[in-house]
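Please read these notes beside the model. They go from the whole chain to single residues.

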Amino acid sequence: MAAVDWQGDVDAAGASWVARAGVAADSDALRAVEVDALGKNGAITLLLRQVGQLPGGDRRAFGQAVAQAKAEVEQAIAARRAAIAADLLAAELADPTFDETIPPEVALQGAPRRMGHLHPLCRVQEEVEAVFSSMGFAVLDYPEVESEFNNFEALNIPAWHPARETQDTFWLRSGHVLRTHTSNGQVRALHTFKPPFRAVFAGKVFRYEATDASHDHTFHQLEGLLVDRVVSIGHLLDSMRTLLAAVFGREVPVRLRPGYFPFVEPGFELDIACQLCGGAGCPACKQSGWLELLPCGLVHPQVLRAGGLDPAEWQGWAFGLGLSRLAMMRYAISDVRLLLGGDLRFVQQFGA
Ligand code: DAH
């Protein structure tokens with residue numbers, strides 16, 4: 001009886017799978033080799049299954065040979081797997097854009113994307129600007145670093161004026177100030193636009209101030225200025241009512257009280273019915289039922305003159321809305337310092 005040359009066949013099969021594992025280009029190709037050789041119906045697996053069919057004498061030696069081939073193929077696959085991983089790592093490290101400080105889960109899937117959203121101050125500002133825009137107001141933006149003239153003098157607040165004391169600010173070595181109010185834009189607007197015109201301008205203002213729950217050294221205002229040949233307090237008041245109805249989503253009762261500001265004559269404080277108690281009286285409104293919201297008035301002739309206009313020919317009204325205050329009321333924020341405190345836990349409550 002001729003001897004079956006299974007030894008040569010098994011060796012050749014083993015060597016061929018070892019060779020194929022050795023040239024697998026990447027981990028997918030290697031996995032395919034593994035399945036084809038050692039999988040449920042893989043070539044080596046089928047050889048193993050034949051062991052039982054061989055005549056008794058050959059069985060043991062054949063079994064050993066196949067087991068040996070299997071072990072070699074397994075080893076070759078493991079070696080190739082390690083080599084592929086090492087090549088990948090080397091390529092990553094050689095990539096100048098590779099950043100080893102990025103955690104692998106982020107590197108593989110990309111940083112989780114979080115939707116941003118507007119800060120509550122921006123939201124209120126955009127809303128108010130939209131209301132005024134719909135009434136024909138231009139939306140402007142003026143510098144935070146301002147000349148003493150635009151911030152004070154032009155607004156009828158000369159150096160000796162006591163009103164300067166209430167608006168102490170940060171002075172720069174150049175003699176400029178960090179603006180104490182958005183009223184700095186009034187004279188700039190008067191010099192820029194040919195009357196009649198109407199505009200609002202919002203932004204950060206600064207005060208040299210001991211801070212507490214209702215005072216911060218940096219806060220936001222929105223200024224409005226309207227110039228025409230004839231203006232009226234009735235028109236001013238109605239514009240403010242329109243604004244408040246839009247912001248609060250309903251009619252809000254208002255009242256005017258006399259108020260002094262050097263750059264308006266007459267000047268007013270506009271109060272709104274307390275939105276917490278509805279006017280009945282509560283701690284927020286000091287039991288009065290009213291909250292001071294925005295000062296306003298008819299533009300002082302001196303300011304018109306500083307802006308190059310003849311007060312006999314032109315009139316104006318103006319207001320300075322505390323945007324920070326409005327945002328606090330709108331969102332029931334108890335401490336003004338939260339607004340610019342930079343604490344994401346606070347800001348993220350206003351998403352969506
Ligand atoms: N600029 C004033 C302040 O910050 C607020 C103000 C009052 C603005 C009256 C105005 C105004 O336009 O008419 O205290």
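1. What share of the contacts in the chain with a separation of 6 or more comes from residues 24 or more positions apart? Such residues account for 66% of them. Contact here means heavy atoms within 4.5 Å.

2. Some ground rules. This is a predicted model, in which local features need pLDDT of at least 70, side-chain atom pairs count only at pLDDT 80 or more, and totals for chains, interfaces and linings use all residues. Residues are numbered from 1 along each chain as its sequence is written, and side-chain values use heavy atoms, with hydrogens and water left out.

3. Overall dimensions. The radius of gyration of the chain is 40 Å, while a compact globule of 352 residues would have one near 20 Å. The radius is taken over C-alpha atoms, and the globule rule is 2.2 Å times the number of residues to the power 0.38. Along the principal axes, the C-alpha atoms fill a box of roughly 130 × 50 × 40 Å.

4. Secondary structure. The chain holds 13 helices and nine strands. These are DSSP runs numbered from the N terminus: helices are H or I with at least four residues, strands are E with at least two.

5. Surface and burial. Of the 352 residues, 42% count as buried. Buried means under 20% relative accessible area, exposed over 50%, and partly exposed in between (1.4 Å probe, protein chains only). The accessible surface is about 19,300 Å², and carbon and sulfur atoms supply 56% of it. Areas come from the Shrake-Rupley method with a 1.4 Å probe; for residues, only the protein chains shown count as cover.

6. Charge. There are 31 positive and 41 negative side chains. The centres of the two sets lie 5 Å apart. Lys and Arg count as positive, Asp and Glu as negative; His and the chain ends are not counted. Each charge is placed at NZ of Lys, CZ of Arg, CG of Asp or CD of Glu.

7. Val 177. This residue lies in strand E3 (residues 177–178). Is Val 177 buried or exposed? Val 177 is buried, at a relative accessible area of 0%. Residues that Val 177 touches include Val 145, Phe 152, Phe 170 and Trp 171. Leu 89 is another matter: Val 177 and Leu 89 are 88 residues apart in sequence and 56 Å apart in space, C-alpha to C-alpha.

8. Cysteines. The whole structure has zero disulfides, a disulfide being a pair of cysteine sulfur atoms within 2.5 Å. Cys 282 is in no disulfide either; the nearest cysteine sulfur, that of Cys 277, is 3.7 Å away. Cys 274 is buried at 1% relative accessibility, and Cys 282 is buried at 12%.

9. Cis peptides. Most peptide bonds are trans. The bond from Pro 195 to Pro 196 is cis, with omega near 0 degrees. Pro 196 sits in the loop between helix H9 (184–192) and strand E4 (197–206). The bond from Glu 265 to Pro 266 is also cis, with omega near 0 degrees. Pro 266 lies in strand E7 (residues 264–273).

10. Positive phi. Gln 287 is not a glycine, yet its phi is near 65 degrees. Gln 287 is in the loop between E7 and strand E8 (290–299) and is exposed at 54% relative accessibility. Ala 332 has a positive phi of about 50 degrees. Ala 332 is in the loop between helix H12 (323–331) and helix H13 (344–347), and is exposed at 64%.

Key: Lists of a residue's contacts leave out its neighbours within four places in sequence.
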